[in-house]
Amino acid sequence: MRLHCPWAVLAAFATLTRPVAAQFPNANPEDLNLTTIASPINPNITISYKVPHGACTTAFESQQQYTGWVSIPGEYPTNTFFWFVGARDEDAASSLTIWLNGGPGSSSMFGFFTENGPCEVVDNGTDKFTTIAREWGWDRASNMLYIDQPNQVGFSYDVPTNGSIDLLTGRIYIPPAEQPNSLPPIAYLNGTFSSMNPNNTANTTEAAAVAIWHMLQGFLGVFPELNAPEDNILGVNIFAESYGGKYGPVFATKWQEMNAAQGNGSVSNAVPVEIRLASLGIINGCIDDLIQAPYYPVMAVDNSYGLTAINSVRARAANASFYTQGGCRDLINQCRAAVANQDPNNIGAIPDVNSICESAHNSCTENVLVPYMDSGRSLYDIASLMPDSFPPRQYLEYLNTPAFQTAIGTPINYTEASGPVAFAFSSTGDFEREAMVPKLASLLDAGVRVGLVYGDRDYICNWLGGEAVSLAIAAAAANTSSYATSFPAAGYAPVIVNDTYIGGVVRQFGNLSFSRVYQSGHFVPAYQPATAFQLFARIIRGDSVSTGEDIDLTLYNTTGPLNATSELSLPSNPSATCWLRNIPNSCSDDEQRAILDGDGFVVNGALQTGPTATTPPPLTATTVFVVGGTETVTTTIQLTGFFTATATPSSVADSSRGRSAAKLSLAVAGTALLPLLWP
């Protein structure tokens with residue numbers, strides 16, 4: 001996810017205090033039971049791993065799982081956490097997909113447990129949890145490798161360091177401090193974390209890409225059988241979400257560069273592992289503010305759901321702030337010129353450049369994006385008023401249980417987002433430093449399949465901006481290809497998810513596709529799991545993204561309307577759950593006061609107010625979890641296979657709602673599409 005929250009304060013404080021209950025993981029090496037070996041590629045890189053018995057229930061017991069850390073030498077200790085899960089059947093086992101959540105600073109365990117991982121956490125009685133296989137887990141189509149990066153994100157760490165965490169703010173204090181009298185015991189915990197030093201992590205996407213290349217050298221050096229065979233159409237894939245719109249293209253480009261360096265003998269390692277990228281998928285990616293930022297005020301008032309989130313005056317002012325002299329656009333261009341002239345390797349070590357780029361990001365955020373927040377609606381789902389507690393966060397409690405920590409072998413507690421990483425990237429203005437479209441176009445020219453997938457209720461990386469990026473990629477492709485003309489000319493076709501449901505629309509020409517997913521917020525696999533899975537499987541298999549049919553990509557294009565502006569009905573505001581380990585984002589002011597006052601009950605990580613608490617029953621073998629509750633059934637869910645459409649179903653999302661009062665006009669200026677708001 002793209003984070004918009006204060007950096008966690010590092011300094012401990014002194015006030016009226018009382019002792020704090022400790023949640024320190026067991027770091028005894030004998031109990032962690034990790035196997036540690038040096039990489040055959042580079043003996044300075046070590047990998048420590050184990051089989052995480054009981055941590056995640058997969059569809060089949062035969063599926064391989066490894067959790068562990070790749071330790072990379074450098075200026076500071078870097079121990080990068082990974083979780084590998086083998087595919088559900090042999091047909092999918094020749095593919096390796098790397099999943100990255102965004103942030104910067106967001107853990108890929110969020111994606112693993114709430115979006116597309118092989119299992120999900122469910123209640124199993126009072127303050128007890130278990131896992132069940134996820135029907136639409138992406139291990140259904142590929143081997144999966146989830147990576148917590150950069151350093152100090154999730155279970156990745158530099159130096160295990162004891163500290164205290166204030167759950168009301170999410171801030172971590174080093175060293176541990178006694179609990180203030182103003183906080184109840186449940187909201188202030190001791191534990192073990194990374195050092196919280198922002199100098200001990202990457203501060204640019206480019207620096208993170210180098211670290212992950214080395215990490216993969218270590219991982220694939222130890223597990224060479226997991227690297228996709230040469231000339232296999234499935235190959236290695238990256239799918240990245242949100243800030244992954246930057247991670248994906250930069251990481252993929254780095255791998256291509258290192259492959260080329262291996263070919264000419266300029267890589268220092270004796271026999272580096274070639275990472276053969278087949279496809280890059282970006283889920284609701286914030287790729288380039290120079291293209292996407294103008295669509296923030298557009299999305300606020302003309303969003304295909306008939307919602308006018310802010311008044312037209314506020315929207316026009318936000319729109320103007322992008323184009324005005326010294327505004328967002330000018331500052332981004334100044335930032336990129338400074339990077340090109342003074343920091344061409346993008347290492348974030350030139351203070352003057354960092355300052356220019358940080359100012360550009362701050363201006364774009366405050367003047368173009370933030371006005372939407374007047375609406376009181378979620379940045380991740382325009383249908384939801386704040387607080388927005390989706391996806392559910394039971395997994396945060398589960399990942400901090402001793403049994404789970406022992407199972408995966410972690411010496412630190414789990415946190416979903418890293419303050420030091422968010423601060424490090426913000427301090428260099430990494431958000432605005434690079435134009436990503438040239439990298440994406442270069443990957444496309446190299447034969448990499450590029451799939452952009454956008455939920456249409458997301459605001460922060462919205463589909464209107466994503467569509468603009470897709471057109472820009474096509475326009476930037478090599479003159480020897482026909483993407484510049486053929487991709488915009490390809491019509492939008494339905495994304496046929498099954499015999500009864502259309503999940504969205506897609507424009508596809510050759511290796512490039514853009515999908516609008518209906519009724520989905522920012523985290524598409526969580527909102528629309530079946531649609532997200534089919535899109536993922538079709539992109540990595542090189543199939544028709546619309547139907548799943550086997551096609552010749554050199555000849556294929558979708559047909560249909562040239563726009564994707566179908567109008568849908570906005571669902572009612574969903575009810576929120578106050579999660580104890582996600583208080584700032586999921587709890588209302590009243591709920592936060594109840595926590596401070598010691599009112600209510602916390603059951604399975606969620607706050608309940610009232611005279612009594614409702615306790616969940618133990619999970620039974622016939623309980624199936626469905627949207628809106630549970631039901632007891634005796635049927636068996638199909639956990640393998642793909643869908644290929646033979647006809648277009650009649651069941652589609654409601655498209656009868658009219659356009660909002662604000663009209664969107666697009667004016668062409670050179671090769672750029674400029675969104676203009678009119679009253």
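Biologist: Which residue stands opposite Thr67 in β5?

Modeller: That's Trp83. Keep in mind that we're looking at a predicted model.

Biologist: Noted. How do β4 and β5 pair, and over how many bridges?

Modeller: β4 pairs with β5 (residues 78-85) in the antiparallel sense, with eight bridges between them. Five residues make up the hairpin that joins β4 to β5.

Biologist: And how many bridges join β3 to β4?

Modeller: Five, and β3 (residues 46-50) runs antiparallel to β4. Ile47, for example, has Val70 in β4 as its bridge partner.

Biologist: Is β4 mostly covered or mostly open?

Modeller: Mostly covered: of the eight residues in β4 (65-72), eight are buried.

Biologist: Which residues of β4 sit on which side?

Modeller: Gln65, Thr67, Trp69 and Ser71 are on one side, while Tyr66, Gly68, Val70 and Ile72 are on the other. Both faces are covered. In a regular strand, side chains alternate between the two faces of the sheet.

Biologist: Let's zoom out. How many strands form the sheet, and in what order?

Modeller: Twelve, in an open sheet ordered β2-β3-β4-β5-β9-β6-β14-β15-β16-β19-β18-β17, with mixed pairing. β2 (35-38) and β17 (493-496) are the edge strands; each has a single partner strand, so one side of each has no neighbour in the sheet. From one strand to the next, the twist averages 25 degrees.

Biologist: What about β18 and β19, how do they pair?

Modeller: They're antiparallel, with six bridges between β18 (residues 502-509) and β19 (residues 512-517). Phe509 has Leu512 in β19 as its bridge partner.

Biologist: Which strands does helix α14 lie across?

Modeller: α14 (residues 463-476) lies across β16 (449-455), β18 and β19, and runs at about 170 degrees to β19. Helix α17 (residues 529-541) packs on the sheet too, touching strands including β6, β9 and β14, and makes about 170 degrees with the direction of β16.

Biologist: New topic: at what angle do α8 and α9 cross?

Modeller: Roughly 160 degrees, and the axes of α8 (residues 328-342) and α9 (residues 351-369) come within 9 Å. That angle is over 145, so the two helices are roughly antiparallel to each other. The crossing is left-handed.

Biologist: Which residues make that contact?

Modeller: From α8, they include Leu331, Ile332 and Ala338; from α9, Val353, Ile356 and Val368 are among them.

Biologist: How many in the contact are nonpolar, polar or charged?

Modeller: Twelve nonpolar, four polar and no charged.

Conventions:
Residues numbered from 1 in each chain as written. Predicted model: local features only at pLDDT ≥ 70, side-chain atom pairs only at ≥ 80, totals over all residues. Heavy atoms only, no water. Pairing = 2+ DSSP bridges. Helix = DSSP H or I, 4+ residues; strand = E, 2+ residues; numbered from the N terminus. Axes fitted to C-alpha atoms, helices over the stretch in contact; angles between N-to-C directions. Contact = heavy atoms within 4.5 Å. Parallel < 35°, antiparallel > 145°, perpendicular 65-115°, else oblique. Left-handed = near helix turned anticlockwise from the far one by under 90°. Nonpolar A, V, L, I, M, F, W, Y, C, P; charged D, E, K, R; others polar. Buried < 20%, exposed > 50% of the residue type's maximum accessible area, 1.4 Å probe, protein only.
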